Amino acid sequence: MPVVSITLLPGYEPSTQHRMVNRVANAVRSVIATPEAGTTVFVNEVSTYRRDGKVFSEGRAAHPVASEVVQSFLQAMQERDLGKAQSFLHPEFRMCFPGGVVMHSLQEMTTWAQQRYTRIAKQYDQFEESWQGDATVVFCHGTLQGTWLDGQTFEGIRFIDRMVVQDGLITQQDVWNDLAEHRKA
């Protein structure tokens, strides 16, 4: 049964340590076939250490929870607060919507969307995180509801968003949904 020890400099919030311990335990269990009860991860704090001729007495800043960044962005978009939504995006942000439509600004996206529907909202079923080095990939899925250009309403249309979060900012968004199939019907 694996026992993992993490050594940190002081100053990390308990919530950050909790998140780290859980993620390390999950990483271990994704590699080693061990039960949850057989995996132990704990944190030690040291007051200072020396590396490469330099002495350190505090750690680096913790990243925000990526799924919370994505939820805040999506909430701002749903409220059409484009200024707030923009604050969650990296300067080189890229998004790809169904049909391979690639855009780089929220204004491009809203102009594109105005040709498809007059209103849209998302009902979220789940958010999931996958860690890829210094980036976190967040998947969210659920259903869409809204109003077509002709005034008819729709609901229950499946969607999946995949977003890449790095240093607290969204760098990429990929969107898949069944809007086109429902629009044809």
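The largest cavity is lined by 24 residues, and those nearest its centre are Phe-97, Met-109, Tyr-117, Ile-120 and Lys-122; a cavity here is a set of points, on a 1 Å grid over the protein atoms alone, where a 1.4 Å probe fits but cannot get out, and lining residues have an atom within 4 Å of a point. Two or more lining residues come from each of α2 (66-78), β5 (89-97), α4 (106-113), β7 (117-132), β9 (153-166) and β10, where helices (H or I, at least four residues) and strands (E, at least two) are DSSP runs numbered from the N terminus. The largest share of this lining, 5 residues, is given by β7.

This is a predicted model, in which local features need pLDDT of at least 70 and side-chain atom pairs count only at pLDDT 80 or more, while totals for chains, interfaces and linings use all residues. Residues are numbered from 1 along each chain as its sequence is written, and side-chain values use heavy atoms, with hydrogens and water left out.

The structure holds 1 cavity of 30 Å³ or more, and the volume of the largest cavity is about 330 Å³, a volume being the space filled by probe spheres set on grid points that are joined across faces, edges and corners.

The hairpin of β9 and β10 has 2 residues between the strands, and in it Asp-167 takes a positive phi near 50°.

Gln-173 lies in strand β10, which covers residues 169-177. Because its relative accessibility is 5%, Gln-173 counts as buried, a term that means under 20% relative accessible area with a 1.4 Å probe and protein chains only. Beyond its neighbours within four places in sequence, the residues in contact with Gln-173 include Phe-73, Leu-74, Arg-94 and Arg-162, contact meaning heavy atoms within 4.5 Å.

Phe-73 and Leu-74 are among the buried residues of α2, as are Ala-66 and Met-77. The 13 residues of α2 should span 18 Å at 1.5 Å a residue, and the end C-alpha atoms are 18 Å apart, which agrees; the expected span is 1.5 Å times one less than the number of residues. Just after α2, Arg-80 takes a positive phi of about 60°.

Note on methods:
Buried < 20%, exposed > 50% of the residue type's maximum accessible area, 1.4 Å probe, protein only. 1 Å grid on protein atoms, 1.4 Å probe; cavity = no way out; pocket = protein on both sides within 12 Å on 5 of 7 lines; lining within 4 Å. Pairing = 2+ DSSP bridges.
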